[in-house]
Protein chains: 2
Amino acid sequence: MSTRLFSFVGGSIGLWRIVRTDTLIGEPLVAAERLDVVSGPDAFSDPEARWILRGITSNERYVTREEKSQLAAKQLSLGRPEATCAALIPLRKNAAWWGLTQDERRGILEEQSRHIQIGLQYLPAVARRLHHCRDLSEREPFDFLTWFEFAPAHEAEFNTLLAALRSSPEWTYVDREVDVRLTRD
Amino acid sequence: MSTRLFSFVGGSIGLWRIVRTDTLIGEPLVAAERLDVVSGPDAFSDPEARWILRGITSNERYVTREEKSQLAAKQLSLGRPEATCAALIPLRKNAAWWGLTQDERRGILEEQSRHIQIGLQYLPAVARRLHHCRDLSEREPFDFLTWFEFAPAHEAEFNTLLAALRSSPEWTYVDREVDVRLTRD
């Protein structure tokens, strides 16, 4: 059965070693040693967890059929053996963003910020899974958790991708963002 | 503080008396005597509850700014003294719907089915609150819970509204729908 709900547990166990945790805007996330990515609703959690972030994969919110086809043709799955680097980027947008209508949000995300087109330029090197948090409960600390995997040779490219997005009009609506970098042995 | 999460508890207590429970498609919902509508995450539940459905209000998914302004100009709030009739309509859409992209779903919902325009015709008589369930967890029995309130004199109009929506192309994607009607004294 496919699983949509994932817990990201920052603590002392898990496949991924946390290399650095940078807070870009808003309240920091405390540092942890390792990250365990657990699927399903009954996530067994590290008794020494410093934090647990939950997110759920969901239907597409912004891409058109044409963009979805372009993405599907280029993207690779998570778990590639050579992709030993990862990033977990928890992000929250402000009330002004959520008060916009769908057409206004699409306009900022793509027509103004080229979010989808920028992402396409970094496929297939960077694999990605987006998790939504905002409608899991009314007390979630972030709206989205994006998980990226890439080979060490593509780390500089990945940083260029993030820099392009962070300088876009869409990012003026971001009021909390943390960037957790990880490697596996 | 505004609250986004609501529980609809079908059991033996609550302001609303359940008049009838009709299953239109899919698995039925068992009959209950009364409905308690509880806000917040720590919903105190009826120990004799037959069912509990949870949903969360969220950002607009389909309306444009112009449509939102039209809706805002005409709609009235819940809790009007004269609105002693209510309906709770839990609804689930199929995998084909959720596999569509945003532009395709908007095309079916509004350009083909006139969902927003039909709804506008019944304002201000019918007040409405939409709750999303699909991203609360991966085990929710419905995708949406819509709550309607209206005066007894507007019940026939409300039934006409539902008939129009149910005969639209959008409804070919509905695979579970229950219609719970209620009154308060």
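Chain A of this predicted model holds 5 helices and 8 strands, where helices (H or I, at least four residues) and strands (E, at least two) are DSSP runs numbered from the N terminus. Starting at the N terminus, the order of elements in chain A is β-β-β-β-α-β-α-α-α-β-β-α-β. Chain A is as compact as a globular protein of 185 residues, because its radius of gyration of 16 Å is close to the 16 Å from the globule rule. That radius is taken over C-alpha atoms, and the rule is 2.2 Å times the number of residues to the power 0.38.

Residues are numbered from 1 along each chain as its sequence is written, and chains are lettered from A in the order in which they are written. As the model is predicted, local features need pLDDT of at least 70 and side-chain atom pairs count only at pLDDT 80 or more, while totals for chains, interfaces and linings use all residues.

| Property of chain A | Value |
|---|---|
| Box filled by C-alpha atoms, along the principal axes | roughly 45 × 35 × 35 Å |
| Buried residues (20 or more other C-beta atoms within 10 Å of their own, C-beta atoms placed from the backbone) | 27% of the 185 residues |
| Contacts with a separation of 6 or more that join residues 24 or more positions apart | 77% |

Two residues are in contact if their C-beta atoms, placed from the backbone, lie within 7 Å. By this criterion, 25 residues of chain A touch 25 residues of chain B. On the chain A side, helix H1 (65–74) and helix H3 (102–112) each supply at least two residues, and H3(A) gives the most, with 3 residues.

Key:
A residue is buried if 20 or more other C-beta atoms lie within 10 Å of its own, exposed if 12 or fewer, and partly exposed in between; C-beta atoms are placed from the backbone.
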